[in-house]
Amino acid sequence: MKIVVLDGYTENPGDLSWDALAALGELTVYDRTSLTDEDESIARIGDAEVVYTNKTPITKKIIDACPNLKFISVLATGYNCVDYNYAREKGIPVTNVPTYGTAAVGQFAIAMLLEICHHAAHHSEAVHAGRWESCPDWCFWDYPLIELDGKTMGIIGFGRIGQRTGRIAKALGMEVLAYDSYPSDSGRALAQYVDLDTLLARSDVVALHCPLFPETEGIINKDTIAKMKDGVILLNNSRGPLVVEQDLADALNSGKVYAAGLDVVSTEPIRGDNPLLKAKNCLITPHISWAPKESRQRIMDCAVDNLKGYLDGALVNVVNGL
């Protein structure tokens, strides 16, 4: 059995092992495959029975051109890069990795918040540049320093990751509000569920942990921002298109939003004309919330288990109903 990984580099830049997957078949791993050149994907898949992808699209054309393809697995939770409905028509199961980064993504959301509150990296750079040794006072700071105890975090999307973020926020002394279409007992133990308008009006920090659906696309826009407190902090390490970026840039530049911490943007890699690049107080990181080694090892382990399930006739983590 031939197994092809189309874009393995971000999952494993060299600090993990593909050996467990290689033990299941003849494995070929490509670091990167074009996101736009379907012919390159077709050539690389060839007569393989199994293909793994992270972000490289698996389209109808690719599926039709690779008739030996029997199993598709995504090295991530989101699987919109695969035409999974057409794969179902062809009898090809599509699997994903449903949980792997809960702890890491929640931790990263709080890391962005703490950096906004203290600007630790900026002040360290200032010290190394000699500003402290030449300072007339025994300390200095360039930004307002913010204490989170007693403030309110509103979390839009209160599933596993939202609840992990909420748990850390509570440990910092924050009140937690949650907005979610499907309230749960575990969520009620951590937060008060409220409607969206109430969350926006009461929160000092708004964190996005909801999936990207048509009804959530652009959920942060000029109208919802207008309902927020003046000086609110916004965090998004879920999906970039949840935010209307020009509206957020305008709000940052006007001071309505004090700061934003973003690990995702609408087009990735980010484009040079993204208005957030020139917005005030906007922390942007390159979609790395998910990427600690521990999280990527869980992806690897689940990817292997998904294929073992297929080989054993007991499919797991199937997203297209087969």
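This is a predicted model: local features need pLDDT of at least 70, side-chain atom pairs count only at pLDDT 80 or more; totals for chains, interfaces and linings use all residues.
The loop between strand 11 and strand 12 is where proline 269 is found, strands being DSSP runs of E with at least two residues and helices runs of H or I with at least four, numbered from the N terminus. A cis peptide bond, with omega about 0°, joins glutamate 268 to this proline 269. Asparagine 281 has its place in the loop between strand 11 and strand 12 as well, and its phi is near 50°, a positive value in a residue other than glycine. As background, most residues other than glycine have a negative phi, and most peptide bonds are trans.

Residues are numbered from 1 along each chain as its sequence is written, and side-chain values use heavy atoms, with hydrogens and water left out.

Now to the helices. Helix 5, residues 102-118, and helix 7, residues 160-171, pack at an angle of about 50° with their axes 8 Å apart, where axes are lines fitted to C-alpha atoms over the stretch in contact and angles run from 0 to 180 degrees between N-to-C directions. Helix 5 is therefore oblique to helix 7, since angles under 35 degrees count as roughly parallel, over 145 as roughly antiparallel, 65 to 115 as roughly perpendicular and the rest as oblique.
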